[in-house]
Amino acid sequence: MKPGKDLNEIVPRDVSELIELVREQWQGNRLPIQLFLLMCLNLAIAPAVYATTGDEITRQAAYAIGILGIVTLGLSVYLFVVIFQPERF
């Protein structure tokens, strides 16, 4: 076993430390954090899609529909910003 940091040194103790850790990681690695947050959002959306359709679609299809909805919403917000603030791009 490699000597290294103890788990208590790595894991934040309260919510404020967790927020500070995410903020520090956000500065250097934006894409992985954004993908993680989108996947967490999909964990809330996909069961709702699956519950409304019943047994008509599979669970994997419900997650795919959730991801498709998130991507569609993201693209629409991006295009809205590009149309109304073109000087930024």
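Modeller: The accessible surface of the chain is about 7,800 Å², and carbon and sulfur atoms account for 66% of it; such areas come from the Shrake-Rupley method with a 1.4 Å probe, and for residues only the protein chains shown count as cover. Of the 89 residues in the chain, 8% are buried. Here buried means under 20% relative accessible area, exposed means over 50%, and partly exposed is in between (1.4 Å probe, protein chains only).

This is a predicted model, in which local features need pLDDT of at least 70 and side-chain atom pairs count only at pLDDT 80 or more, while totals for chains, interfaces and linings use all residues. Residues are numbered from 1 along each chain as its sequence is written, and side-chain values use heavy atoms, with hydrogens and water left out. The pLDDT, the predictor's confidence in each residue from 0 to 100, averages 78 over the chain, and 84% of the residues score at least 70.

The chain has four helices and zero strands, in the order α-α-α-α along the sequence. Helices (H or I, at least four residues) and strands (E, at least two) are DSSP runs, numbered from the N terminus. Where pLDDT is low, the predicted coordinates should not be read in detail.

Now the pair. A search of the whole structure finds one aromatic pair. The ring centres of Phe80 and Phe84 are 4.7 Å apart and the planes meet at 55°, so this pair is tilted. The rule is that rings of Phe, Tyr and Trp (its six-membered ring) pair if their centres lie within 6.5 Å; planes under 30 degrees apart count as stacked, over 60 as edge-to-face and the rest as tilted. Phe80 and Phe84 are separated by about one helical turn because they are four residues apart in helix α4 (residues 59-84). Phe80 counts as exposed, at 52% relative accessibility, and Phe84 also counts as exposed, at 57%.

Helix α4 gives the most to the nonpolar patch, with eight residues.

Val71 and Leu38 are 33 residues apart in sequence, with their C-alpha atoms 9.3 Å apart in space. Ala61 is also placed in helix α4 and is partly exposed, with a relative accessible area of 27%. From Ala61 to Ala46 the C-alpha distance is 8.9 Å, across 15 residues of sequence.
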